[in-house]
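This briefing concerns the structure shown here. Please keep the sequence and the model at hand while reading.

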Amino acid sequence: MKRLQALNKRTAPKSVMPEKIIQFGEGNFLRAFVDWIVWKMNQRTDFNGSVVVVQPIERGMADWLNGQDCLYHVNLQGRLNGEAVNSLERIDVISRALNPYSQNAAFMALADQPEIRFVISNTTEAGIAFDPECKFSDAPASSYPGKLVQLLFRRFQTFNGDPSKGLIIMPCELIFLNGHHLKECIYQYIELWKADFGADYEAFKEWFTNHCFVCATLVDRIVPGFPRKEIADIQQKICYADNLVVQAEIFHLWVIEKAENMTCDELRQEFPADKAGLHVLIAESEKPYHERKVTLLNGPHTVLSPVAYLSGVDIVRDACNHEVIGRYIHKVQFEELMETLNLPMDELRQFATDVLERFNNPYVDHQVTSIMLNSFPKFCARDLPGVKTYLERKGELPKGLVFGLAAIITYYKGGKRADGADITPNDAEDIMQLLRDLWATGDTQKVTDGVLAATSIWGEDLHGISGLAEMVKNFLDLIQEKGMLEAVKTIL
């Protein structure tokens, strides 16, 4: 075995660039997604910027990062254009990491640096929240939006309200319209701390409104994190004792909705990720891309899982490569769900192709049962809108999606698979009890009617969708008679 070196700026080269980005969050996702993107921008464009990491909670990884001079490797795995990829890249874009609880003066001094232009965050879904208990005098405020307002006010004062010193704020928390929620929290803190701002209150509020830019974003990359099983082999390959390796899929997508007080071109000029050949889209609205992701990524997942599992297939990748189930997934994806969206067809086709490559990742054994938790609510959010839109546009129901609903209903029957494996659905107890009671009747018509009429699941009675009850019952009968695999062949 090779002798491993410590990883730091004495043993590995590290670029020195102006600090342009304050990043709230030091976890695996931001390091494998945002910081990797900024690193690529530095390589391929004249962005020339580094990232200062701020630990958002009192206990975190700032000391670990600083112990390696903020150097670490990203291990990207997956399929790209049909080829398996398993790469290792050393990322050197983080300049330093700060803990604002023990280094508050250094944290607040970031506001005084003229080159700082961006704020990026991933503080979990709970991080974008208003806490009325936060005080302006706290060092720091406990909430992320509170810390951000403290920083913004300091910057406003340092530069006397200079319009050019506003910040571009791009949250990456997994909340739809995350930027809108963050902006609302910022205004709540500005009002809460009105007395603390004194005579500067009106001017500060006006400076934030007109010269800071809060963007909603959509992020998409699966990041498993630290590769515990493979770390010894990875360290041997890189010859460094890197304890901050982060593993991620090769696919990445970042949709940034430009702030209302700027144009897309202005944001592209300042954040030139598109020039670096990255999948970073700066758009007027993130909504159609959110719908695309929910429909073409989450939608097929939801229906392929019960069809695959009840056919004896346990891994998503194996389902994609299965002679029959693979064709079913393709039908749902390309012939049905894609027809319900409003983006250009070539964009949708490329995204759908990328999704199937992600499903077919040779390095991830994604269990279909892990997707099937709460299948009814998932179908309601991800696939039911597609059923309605397809019927409206085509004048007929999408057989693949309706078959998927019948497969979910069958899965909730429980019992055993043909290979003897226990079928153990998991959902809210009221849904579980409803399905137990309905299947206890032994009558697929009663099962169909009971499920479709369950307004507690759907928010409506699905008997209002023309032809749905008849098709669901027919598919339930077919599955009971032939078994899942033979039944799904009938719609291909």
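The model is predicted. Its protein chain contains 22 helices and 12 strands. The radius of gyration is 25 Å, close to the 23 Å that the globule rule gives for 492 residues, so the chain is as compact as a globular protein of that length.

**Overall chain**

- The C-alpha trace spans about 75 × 60 × 40 Å along its principal axes.
- Of the 492 residues in the protein chain, 56% are buried.
- Among contacts with a separation of 6 or more, 77% are made by residues 24 or more positions apart.
- The protein chain has an accessible surface of about 20800 Å², and carbon and sulfur atoms account for 49% of that surface.

**Helix α8**

- Helix α8 covers residues 201-211, and its buried residues are Tyr-201, Phe-204, Trp-207 and Phe-208.
- Viewed down the axis of α8, these buried residues fall within an arc of 130°, so they line one face of the helix.
- The cover over the buried residues of α8 includes the helices α5 (144-158), α6 (178-192) and α7 (194-197).
- Strands β7 (168-171) and β8 (213-214) are also included in that cover.

**Arg-117**

- Arg-117 lies in the loop between α4 (104-109) and β6 (118-121).
- Arg-117 counts as buried because its relative accessibility is 16%, and the cut-off for buried is under 20%.
- A polar contact of 2.7 Å joins the side chain of Arg-117 to the side chain of Glu-270.
- When neighbours within four places in sequence are left aside, Arg-117 is in contact with Lys-20, Ser-164, Gly-166, Leu-167, Ile-168, Phe-213 and Glu-270.

**Cysteines**

- A disulfide is a covalent bond between the sulfur atoms of two cysteines.
- The structure holds 0 disulfides.
- Cys-212 takes part in no disulfide, and the nearest cysteine sulfur, that of Cys-215, is 11 Å away.
- The relative accessible area of Cys-212 is 3%, so Cys-212 is buried.
- Cys-215 is likewise in no disulfide; its nearest cysteine sulfur belongs to Cys-264, at 9.4 Å.
- Cys-215 is buried because its relative accessible area is 0%.
- For a disulfide the two sulfur atoms must be within 2.5 Å, whereas the nearest cysteine sulfur is 11 Å from that of Cys-212 and 9.4 Å from that of Cys-215.

Notes
Residues are numbered from 1 along each chain as its sequence is written. This is a predicted model: local features need pLDDT of at least 70, side-chain atom pairs count only at pLDDT 80 or more; totals for chains, interfaces and linings use all residues. Side-chain values use heavy atoms; hydrogens and water are left out. Helices (H or I, at least four residues) and strands (E, at least two) are DSSP runs, numbered from the N terminus. Buried means under 20% relative accessible area, exposed over 50%, partly exposed in between (1.4 Å probe, protein chains only). A polar contact is a pair of N or O atoms within 3.5 Å; within protein, one must be able to donate a hydrogen and the other to accept it, and residues adjacent in sequence count only if both atoms are side-chain atoms. Contact means heavy atoms within 4.5 Å. The arc is that of the directions from the helix axis to the C-beta atoms. The radius of gyration is taken over C-alpha atoms; the globule rule is 2.2 Å times the number of residues to the power 0.38. Accessible areas come from the Shrake-Rupley method with a 1.4 Å probe; for residues, only the protein chains shown count as cover.
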